[in-house]
Amino acid sequence: MTDSTASLPPGVAEEHGVVVVPLQVVVGSEVHDEGSPEATPEAVATALRESRSVSTSRPAPEVFREVYARLAAAGYDEVVSVHLSADMSGTVESAQLAAREAPVPVTVLDSRQVGVATGYAALTAAHTVASGGTAAEAAAIARYRAGKCHSYFYVDTLEHLRRGGRIGAAAALLGGALAVKPLLTIERGVVGSLERVRTSGRALARLADLAVEAAGEDQVDVCVAHLASPERAEQLAERLADRLADNLDGREVWCGEVGAVLGAHVGPGMLAVCVAPRLLLDID
């Protein structure tokens, strides 16, 4: 299992038997599950541009209890539940509370990551189980891979992260005052400042450089994500496919739009890249 912030491409979760629990998006007074017609990336981007109130909410423990019970009834005898950083969301806490009352053993894993890095960890856990591994082994290798992932992203403004409590007001004020484009990363489960550049073009170039540096000589999987910035995302994906051809060994660079929950915190124009090392049990 994982949650909707894992940002797995359409069909990938289902193909590998990963159950996805949605977080919620709150636009004004309306609450919607991520992935519903009312909680799409486009809807969130529009609401943010119109300065409407947008926030997010974790799944309630009852939601996890229902899913765990359904899986047990379907014949599954154990669950590995891989989620976004507990420092960024209460999703892990909800899963842990539900796990105490689950009819089967549940291992809840805090990936200490956000976005597709969590998704890569969940896929690795699923492949470990499919290859005959135990739940403990699946959780261990998923935790290891998540810890080796590198996530870098650019935002047009720090204001959305500030409103969501993901960075401090002082950092957001400094970024606006200097009229710079911030490059950020995920460090130990939280958003960390990386660099500041003057233009969006320079930000795109630095994201490519950082991804290449992170890959080194290793075999990797790479994903480019965006919110309302498809052209720049495609440019970055093409650039990385060329520069990391040996590291990818014929695999595609995933490229797509982030979900509504992550989008609510980063805002339109966000561009991100995730580099994940491939392990012996990785999925092809």
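User: Let's start with valine 190. Which strand is its place in?

Analyst: This is a predicted model, so what follows describes that prediction. In it, valine 190 has its place in a strand covering residues 190-197. That strand is β10.

User: Does valine 190 count as buried, partly exposed or exposed?

Analyst: The relative accessibility of valine 190 is 34%. Buried would need a value under 20%, and exposed one over 50%. With 34%, valine 190 therefore counts as partly exposed.

User: Which element gives the largest share of the largest nonpolar core?

Analyst: That core has 24 residues, and Leu207, Val222, Val224, Leu236, Leu240, Leu271 and Val273 touch the most other members. Two or more residues each come from β8, α9, β11, α10 and β13. The largest share is seven residues, and it comes from α9.

User: How many residues are in the other core, the one with Met88?

Analyst: This other core lies apart from the largest one. Besides Met88, its members include Val114, Val191 and Leu227. Its size is 16 residues.

User: What is the bridge partner of valine 26 in β4?

Analyst: Strand β3 takes in residues 24-27, and it pairs with β4 in the antiparallel sense over four bridges. For valine 26, the bridge partner in β4 is valine 31.

User: Zooming out, what is the radius of gyration of the protein chain?

Analyst: The chain has twelve helices and 13 strands. For 284 residues, the globule rule gives 19 Å, and the chain comes close to that, so it is as compact as a globular protein of that length. Its radius of gyration is 18 Å.

User: What percentage of the residues of the protein chain count as buried?

Analyst: A residue counts as buried when its relative accessible area is under 20%. Of the 284 residues in the protein chain, the share that counts as buried is 52%.

Definitions and conventions:
Residues numbered from 1 in each chain as written. Predicted model: local features only at pLDDT ≥ 70, side-chain atom pairs only at ≥ 80, totals over all residues. Heavy atoms only, no water. Pairing = 2+ DSSP bridges. Rg over C-alpha atoms; globule rule 2.2 N^0.38 Å. Buried < 20%, exposed > 50% of the residue type's maximum accessible area, 1.4 Å probe, protein only. Core = buried A, V, L, I, M, F, W, Y, C linked by side-chain atoms within 4.5 Å.
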